[in-house]
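Here is a short briefing on one protein model. Look at the fold and the ligand site as you read.

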Amino acid sequence: MADTLGLYTFKIFRYNPDKDPKSRYDTFAVEVRQGMTILDCLQKIKGSLDGTLSFRRSCRSAICGSCAMNINGKNDLACHLQVSRLRGRTITINPLPGYPLIKDLVVDMGEFYRHIAAVMPWLVRRSPCPDRELLQFPADRDRIDSAVNCILCGSCTSSCPQFWFNPRYLGPAALLKAYRFIFDSRDEGRDERLAIVDDRYGVWRCRTVFNCDEACPKKLHPNEAIAGLKIEALKRSV
Ligand code: F3S
């Protein structure tokens, strides 16, 4: 058929801590058609070759962030990445690095979400609430626009060596979330949030490695946000 890309080999990390003495890679041959994503192939493997394969997925639209995994050495969303965009006929899939493993491609994101929660990811208001919508000038919204688009897939934090060495480091995703509220013209929790990021496990752990920018499937720039937070933290301390 004209739309067939041919046979691809999927080399997939497998480990079930309840049964397996150690991890391994299983290989599966999949006939791939034009337009198929990595997630389509994983669904095909699970549906017809090995129903025990575990991986997260939900929206299939690059919105929920559930299907982030390491594909040919790079963190990406399985539902967003088409097989035709990869080089070679062998595709290696690993779980996101840096997080504790649960099974196969499923990792424990508990610490990741605790870090997000630590920066208070909500609008803080001290003044009495207005009886109408809190409006914002377009220029103010532009300032936080890209940070708002974070889908919390965890790809950036998972790619950061500082996080690998010290999982208490808030990491780029949580710091991007902090930036999103600290620079929101409607927020009134700026000082409290700045104190949280200006901490030994906050912005100063970042060594501008840039892996986080590279890894973001939504093309956001956590590294720039962290630089902005460092400046604000310095201003606050003088
Ligand atoms: Fe890590 Fe990104 Fe900083 S990869 S060290 S958070 S620039």
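The model is predicted: local features need pLDDT of at least 70, side-chain atom pairs count only at pLDDT 80 or more, and totals for chains, interfaces and linings use all residues. Residues are numbered from 1 along each chain as its sequence is written, and side-chain values use heavy atoms, with hydrogens and water left out.

**Sheet**
- Five strands form an open sheet in the order β2-β1-β5-β3-β4, with mixed pairing.
- Strands (E, at least two residues) and helices (H or I, at least four) are DSSP runs, numbered from the N terminus.
- β2 (24-33) and β4 (74-77) are the edge strands; each has a single partner, so one side of each lacks a neighbour in the sheet.
- From one strand to the next, the twist averages 35°.
- Two strands pair if DSSP finds at least two bridges between them.
- β1 (residues 4-14) and β5 (residues 90-94) pair in the parallel sense, over four bridges.
- T9 has T90 in β5 as its bridge partner.

**Helix across the sheet**
- α1 (residues 38-48) lies across β1, β2, β3 (68-71) and β5, where contact means heavy atoms within 4.5 Å.
- α1 runs at about 110° to β2; axes are lines fitted to C-alpha atoms, for helices over the stretch in contact, and angles run from 0 to 180 degrees between N-to-C directions.

**Ligand site**
- The ligand is surrounded by 13 residues, each with a heavy atom within 4 Å of it.
- The closest are C160, C206, R207, F210 and C212.
- α8 (211-215) and α9 (222-237) each supply at least two residues of this shell.
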